[in-house]
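User: Hi! Could you walk me through this model in plain words?
Analyst: Happy to. Here it is.

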Amino acid sequence: MAEFEKTLSAIPLKDLKIDDSFWNERLRLVTEEMIPYQLDSLCDRVPGAPPSRCVRNLRIAAGLEEGRFEGFVFQDTDLAKWLEAVAYSLSFKPDRELERTADEMIDLVIKAQRENGYLNSYFSTLYPGRQFCNLKEGHELYTAGHFIEAAVAYYNVTGKDRFLKAMCRFADLICQVFHTPEYEDAVPGHEEIELALMRLYEATGRERYRRMAYDFVNRRGTTDYLSRESSLPRFIDVWHDRNPYIPEYGQAQAPVREQKTVEGHAVRALYLLSAMADLAGSYRDRGLLDACERLYENVTQRRMYITGGVGSSGTLERFTADFDLPNDSAYAESCASAALAMFCKRMARVTGEARYMDTAELALYNTVLAGTAMDGKSFFYVNPLEVVPGFHKPATDKAHVEPRRRKWFGCACCPPNIARTIASLGEYVLFRGEDELRLNLFIGGIYRTRLGDTDVVVNVRSVFPQEGVVNVRIWARGPMKGRFLIRVPEYAESTSFTVNDEPAKPEYCRGYAALELSGEKVEIDFSFEMRPKLVYADPRVTADAGKAAVKRGPLVYCLEEADNGPGLSALAIDPEEPLTEEFELSLLSGCVRVEALGTRDTWEAGLYSTRPPDKRPCRLRFVPYCFWGNRRPGEMTVWVRLKC
Ligand SMILES: [Zn+2]
């Protein structure tokens with residue numbers, strides 16, 4: 001059972017600058033490609049991409065344009081997430097022109113807001129004067145949450161409080177309405193507002209926001225509000241779903257403190273867990289923390305793909321059953337892995353345990369990164385672990401799987417979510433405690449913070465994930481007193497530490513190696529081996545039985561047709577032969593390729609035959625999963641049969 005770690009906090013983004021051989025390019029894509037491209041998409045300026053109508057809807061709500069709302073009920077959130085990504089990007093790449101555009105968008109959002117603080121272009125234009133009439137499907141509180149998150153991010157980075165004040169008015173309305181008798185047992189259909197209110201509480205210190213988040217979390221699973229909502233006189237039928245409400249789909253099958261398995265819609269579940277982790281830490285609520293730990297174990301030990309993907313079913317985008325992790329029909333929404341990373345970051349902060357960062361790293365380096373193309377201009381919503389182009393016929397259980405990234409989506413939750421997640425990466429790297437600093441991810445950069453009462457600058461340099469080599473220099477304005485902790489990931493072998501060039505023996509503490517700091521300047525070197533390894537799955541994962549995957553450090557690898565020819569299912573890997581690795585500058589913008597020996601089945605019979613296939617030796621070439629689908633379209637697989 002974890003203890004509360006009471007003082008850990010992330011370094012504010014305005015006090016750090018990432019400078020890292022692996023992530024610089026990804027951050028450049030966010031600022032130079034994704035943010036401008038996504039704005040064009042939101043303004044319907046991308047030829048050939050489905051129109052978003054997001055900005056147009058808000059203009060109609062603001063009375064600046066005539067027309068009728070188009071898109072999903074939550075269409076506003078795409079702009080909210082874009083604004084949040086912009087805020088983060090301004091922290092590491094100031095851009096007056098972009099900030100001016102963001103200010104204009106914020107003006108538009110505020111103009112679209114009603115007198116009483118309410119904001120939602122769908123309901124404001126189609127049902128003027130009505131609000132909170134369909135919590136089950138209307139996504140008003142989900143949309144509110146994204147606007148609040150964006151406003152907090154914008155305030156934290158730019159110091160401008162206009163957007164924050166406007167969203168406080170909205171949050172105040174929510175706190176008021178959801179404590180009136182007619183809403184006292186109401187819960188949001190799609191979680192998000194809970195974690196957003198916690199962020200607003202942290203930014204403003206106003207207890208009412210924290211209390212509202214706590215009440216929403218504690219109500220879930222204890223009330224039948226969402227089941228009976230459609231019979232209330234105020235109900236507006238927005239989704240026309242004739243199916244009865246499934247409590248499990250919205251994590252309402254039991255009170256959250258009693259839940260034993262993570263159920264339902266994956267993004268909702270992980271946004272809820274993120275808020276539960278925040279609240280557990282903030283109120284030091286043991287029951288909530290126990291539930292978070294239990295549900296984390298259930299996700300990571302029974303319901304998560306090796307890539308950090310979660311939510312295996314394309315039907316209702318949901319968790320299904322323990323060990324049900326099909327590769328070719330996997331849903332594993334990009335947003336769900338971003339949400340998993342968000343939850344794990346919070347758990348690491350609340351408990352001080354490194355294992356949560358192992359999972360956050362896995363999700364970030366694999367599924368979140370795979371969600372976007374290497375040019376930043378196309379995206380995956382769904383992240384399968386096995387693809388055969390042509391198998392994804394409409395109206396089948398693989399209809400949602402796509403062999404190529406798309407320019408945009410009618411439901412475009414993922415692209416801006418990926419952008420905001422990558423742009424906020426700095427929040428994951430280094431935590432500050434009372435008299436300690438802890439390095440969670442091996443991401444280079446300059447981090448300005450305090451150790452006790454002393455101002456310090458931490459310069460992290462690394463060549464990770466190519467190699468396990470990390471150098472940390474810490475400068476202080478005065479003598480330092482405290483500890484520096486470095487996460488030792490499960491894949492690190494032959495670890496070695498030096499402090500000021502002298503070999504050091506750290507103390508190990510909850511997955512971190514702790515080193516004492518003294519003097520005004522300290523240099524720490526941490527190195528480890530990170531050999532490619534075969535990984536096997538619990539045999540109860542029927543899709544992976546008799547197969548292996550290749551992993552090197554945090555990166556999961558895959559076979560692609562571009563390197564191995566067609567017919568990847570004919571390949572088998574020899575587990576007795578060593579894996580070899582080589583850095584190739586020309587491969588996918590420079591990455592470590594892994595090779596293995598194995599066999600390829602040859603087959604000249606019909607569909608079935610009593611004669612087993614002939615096998616000929618061959619070499620299998622693996623590339624990082626996060627970069628798949630960036631060459632010509634073709635087959636891909638993560639799991640490979642074992643040679644027998
Ligand atoms: Zn999504």
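**A loop and its neighbours**

Analyst: Let's start with phenylalanine 323, which sits in the loop between α12 (286–302) and α13 (334–351). Helices (H or I, at least four residues) and strands (E, at least two) are DSSP runs, numbered from the N terminus. Residues are numbered from 1 along each chain as its sequence is written. This is a predicted model, where local features need pLDDT of at least 70, side-chain atom pairs count only at pLDDT 80 or more, and totals for chains, interfaces and linings use all residues.

User: Okay, what is phi of about 70° doing at phenylalanine 323, positive or negative?
Analyst: Phi is positive there, about 70°, although phenylalanine 323 is not a glycine.

User: And is phenylalanine 323 buried, exposed or partly exposed?
Analyst: Phenylalanine 323 is partly exposed, with 17 other C-beta atoms within 10 Å. A residue is buried if 20 or more other C-beta atoms lie within 10 Å of its own, exposed if 12 or fewer, and partly exposed in between, with C-beta atoms placed from the backbone.

User: What about alanine 332, buried or exposed?
Analyst: Alanine 332 is buried, with 31 other C-beta atoms within 10 Å. Its place is in the loop between α12 and α13, and its phi is positive, near 45°.

User: Switching topic: which strands does β6 pair with?
Analyst: Strand β6 (residues 445–451) pairs with β2 (residues 16–18) in the antiparallel sense over three bridges. Seven bridges join β6 to β7 (residues 454–462), and these two run antiparallel. Two strands pair if DSSP finds at least two bridges between them.

User: Who faces whom?
Analyst: Lysine 17 has isoleucine 446 of β6 as its bridge partner, while tyrosine 447 stands opposite valine 458 in β7.

User: Which residues are on the covered face of β6?
Analyst: Gly445, Tyr447, Thr449 and Leu451. Ile446, Arg448 and Arg450 make up the uncovered face. In a regular strand the side chains alternate between the two faces of the sheet.

User: How many residues lie between the strands in the hairpin of β6 and β7?
Analyst: Two, and glycine 452 in that hairpin takes a positive phi near 60°.
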